[in-house]
Amino acid sequence: MVNLKIIESSISDVVKLIEKNNGPAYSNIADQYLPIGPQTLKDHKLDWDRVYQSLIENLFQLSLGKRDRASLKEEVLESFRNSRDTRELVDIFDQLYLSSNAINNITPLAYLVSNKATLTSRTKTMINIVQGLLTSPLSDKLISSGNNPLESLLIDKIQQLCKTKTFNEDNVTYLPFLAKAFSKDIKTLTKNPSYFLSELEGFINIYTFLYLTQLTKHLCIPSNRYQTPTAKPLYFILETERASKERHECNQFGYDHLFSKTNGIALYLFPYLGYLSQLSQEPSWMLINDNNLYPKVNQFNQCIGQLFDEGYRYEDSLQARQLTLALICKNKYSIKHQEKMQIRKSLKYLKKYSQQSLLLIEKRQVNILF
């Protein structure tokens, strides 16, 4: 059952704006599932190191707490100084691994250090998205052997400083099929530590791109929006190639289909997510089976129409459709058939009025806040 507190709060906020006749103050926020906006990558201020850190913590269920690179270095070197077997190797550990980024090439534990910087809202969103793509932690133990005895000693020492961290199961992903593939792929990578370390950042880059493109195709195409998400085609060609009109898939479902500046469907991703975030924190495909939400959606859409002086017809509302359906079903159909018809009408309604409210928002060019 969907928590109604969010939509009730949204209705209350819109009612207050109606009372103040202050339509331009309506704000559209989509920061739960969308980690980027129209700014440049530099302006986003995404802290990828913290994203990697959260993923490694969840994957291996280990944490170095709030240690930054400098404090980790001091603790490791001090521990080596206090050991008769390693005190003469302190300078070697320092120069070869700890005073450079070479440590990142020998163990994923190096990603557990924190830079202590305050997380931006976009970084928090990206962390939640990546954590949501990981469905379960790694069942195998971390491979602690390095390429030589020095590396093995260093990895073992860092691992001794780690504490066990509980896997975060609270994050919900919009795209379960992608989470399944992500989890399988990253666990396969961990079987070869050196390959895992060399490809981790590229791996996150490609899955971030897949997340954004598949989310766009799921939400911005009406027939997909309230269905359980499945992988949708997206075709690519080489930059040196030209796609003729005969290459239908490339022209119809290629990169420009999503990201064209004139008619790309990605332009509508933010307003769709913004509208749906006013209804619930749950993904859109999880809303359709909750009949308790529909009357509130009707009420919210009616308030949006009133706020922007747009018409709202009662005969198109869910209540009117349900009443008509009930009268028809009472005389002609079985209860089982009636339930099926009601589900179909409810689905059609929610698709229609989600679109209607979004068009109202876009038409009046309200204050959209990223």
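A pocket here is an open set of grid points with protein on both sides within 12 Å along at least five of seven lines, and its lining residues have an atom within 4 Å of a point. I wanted that clear before starting, and I also note that this is a predicted model.

**Entry 1: the second largest pocket**

I looked up the second largest pocket, and its volume comes to about 420 Å³. Its lining counts 23 residues. Nearest the centre I found Ile6, Ser10, Ile29, Ser277 and Gln278. Which helix gives the most to this lining? It is α1, with six residues. Helices α1 (5-20) and α12 each supply at least two lining residues.

**Entry 2: helix α12**

Helix α12 takes in residues 269-277, and eight of its nine residues are buried. I jotted down the buried ones: Leu269, Phe270, Pro271, Tyr272, Leu273, Gly274, Tyr275 and Leu276.

How many salt bridges does the structure hold? The count is four. One of them joins the side chains of glutamate 8 and lysine 296, at 3.6 Å from N to O. Glutamate 8 sits in helix α1 and lysine 296 in helix α13 (residues 294-307), so this pair ties together parts 288 residues apart in sequence.

Next I looked at arginine 67, whose side chain meets that of glutamate 75 in a salt bridge of 2.7 Å, N to O. Arginine 67 has a relative accessibility of 21% and counts as partly exposed. Glutamate 75 is partly exposed as well, at 32%.

Arginine 81 pairs with glutamate 78, and their closest N and O atoms are 3.3 Å apart. I asked myself how these two are placed along their helix. An α-helix has 3.6 residues a turn, so residues three or four places apart point the same way. Arginine 81 and glutamate 78 are three residues apart in helix α4 (residues 69-81), which means about one helical turn separates them.

**Entry 3: helix α6**

At 1.5 Å a residue, its 13 residues should span 18 Å. The end C-alpha atoms of α6 are 19 Å apart, which agrees. Then I checked its cover: 10 of the 13 residues in α6 are buried. Among them are Arg122, Thr123 and Thr125, along with Met126, Ile127, Ile129 and Val130. Gln131, Gly132 and Leu133 are on the buried list too.

**Entry 4: a nonpolar patch**

Last, I went to the surface. Which residues form a nonpolar patch there? They are Phe236, Tyr255 and Phe259, with about 310 Å² of accessible area together. Phenylalanine 259 belongs to helix α11 (residues 255-259). Its relative accessible area is 31%, so phenylalanine 259 is partly exposed.

Methods. Residues are numbered from 1 along each chain as its sequence is written. This is a predicted model: local features need pLDDT of at least 70, side-chain atom pairs count only at pLDDT 80 or more; totals for chains, interfaces and linings use all residues. Side-chain values use heavy atoms; hydrogens and water are left out. Patches are made of residues with over 30% relative accessible area and no salt bridge: like charges are joined within 9 Å, nonpolar side chains (Val, Leu, Ile, Met, Phe, Trp, Tyr) within 5 Å. Accessible areas come from the Shrake-Rupley method with a 1.4 Å probe; for residues, only the protein chains shown count as cover. Helices (H or I, at least four residues) and strands (E, at least two) are DSSP runs, numbered from the N terminus. Buried means under 20% relative accessible area, exposed over 50%, partly exposed in between (1.4 Å probe, protein chains only). The expected span of a helix is 1.5 Å times one less than its number of residues. On a 1 Å grid over the protein atoms alone, a cavity is a set of points where a 1.4 Å probe fits but cannot get out, and a pocket is an open set with protein on both sides within 12 Å along at least five of seven lines; lining residues have an atom within 4 Å of a point. Grid points are joined across faces, edges and corners, and a volume is the space filled by probe spheres set on the points.
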